[in-house]
Amino acid sequence: MTNPRRRDAGPKDASTLGYEMLNIFRAASVAEGLSFLVILSVSLGLISRDYVFMLGMTHGVLFLIYMVLSLWVSNSRDWSVVVWLLIFLAAVVPFAFVGVEIFLRREEQKCEALAEPA
């Protein structure tokens, strides 16, 4: 028997799903950005070249996850193509994921403000 007072007792509405997808995308953004910095540290000689294949594959998978999630979230949040292109460019510029994180945090605050009852 389910408790009707529980928040997760019923089906999830669109705002809850959008909030969760935004958080998943934020995590993927940070993971992809950090993996990119790790790959760059190999080329600078800070990490042994013996790990290039493993690090490269990890970064490649994280990059693909980031791209798919960026398309999904931008579609669900009705972002313009320009915003999506800036998010895409942030994936290939070192340390640009910090700017994306700030943007996504503001979007999350907007989502929380809309979810609160008036």
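Reader: Is the crossing of α2 and α3 left-handed or right-handed?
Author: The model is a predicted one. In it, helix α2 covers residues 52-76 and helix α3 covers residues 81-90. The crossing of these two helices is right-handed.

Reader: Which residues of α3 make the contact with α2?
Author: On the side of α2, the contact is formed by F63, Y66, M67, S70, L71 and S74. By class, the contact of α2 with α3 comprises 8 nonpolar, 2 polar and no charged residues. The α3 side is supplied by W84, I87, F88 and A90.

Reader: At what angle do α2 and α3 pack?
Author: The axes of α2 and α3 lie 10 Å apart. An angle over 145 degrees counts as roughly antiparallel, and α2 is roughly antiparallel to α3. The angle between them is about 165°.

Reader: How far apart are the end C-alpha atoms of α2?
Author: Helix α2 has 25 residues, and at 1.5 Å a residue these should span 36 Å.

Reader: Which residues of α2 are buried?
Author: A residue counts as buried when its relative accessible area is under 20%. An α-helix has 3.6 residues a turn, so residues three or four places apart point the same way. In α2, the buried residues are L55, H59, Y66, M67, L69, S70, V73 and S74.

Reader: Is F95 buried or exposed?
Author: F95 lies in the loop between α3 and α4, the latter helix covering residues 97-115. Although F95 is not a glycine, it has a positive phi of about 65°. With a relative accessible area of 57%, F95 is exposed.

Reader: Which residues does S29 touch, not counting residues up to four places away in sequence?
Author: S29 lies in helix α1, which covers residues 14-43. At 1% relative accessibility, S29 counts as buried. Leaving aside residues up to four places away in sequence, S29 touches Y66, F97, V100 and L104.

Reader: How far apart in space are I102 and R26, C-alpha to C-alpha?
Author: I102 lies in helix α4, and with a relative accessible area of 45% it is partly exposed. In sequence, I102 and R26 are 76 residues apart. In space, their C-alpha to C-alpha distance is 9.7 Å.

Reader: What pattern does the protein follow along the sequence?
Author: The protein contains 4 helices and 0 strands. Read along the sequence, its pattern is α-α-α-α.

Reader: What percentage of the contacts with a separation of 6 or more comes from residues 24 or more positions apart?
Author: The protein has 118 residues, of which 28% count as buried. Contact here means heavy atoms within 4.5 Å. Among the contacts with a separation of 6 or more, the share from residues 24 or more positions apart is 69%.

Conventions. Residues numbered from 1 in each chain as written. Predicted model: local features only at pLDDT ≥ 70, side-chain atom pairs only at ≥ 80, totals over all residues. Heavy atoms only, no water. Axes fitted to C-alpha atoms, helices over the stretch in contact; angles between N-to-C directions. Parallel < 35°, antiparallel > 145°, perpendicular 65-115°, else oblique. Left-handed = near helix turned anticlockwise from the far one by under 90°. Nonpolar A, V, L, I, M, F, W, Y, C, P; charged D, E, K, R; others polar. Expected span 1.5 Å × (residues − 1). Buried < 20%, exposed > 50% of the residue type's maximum accessible area, 1.4 Å probe, protein only.
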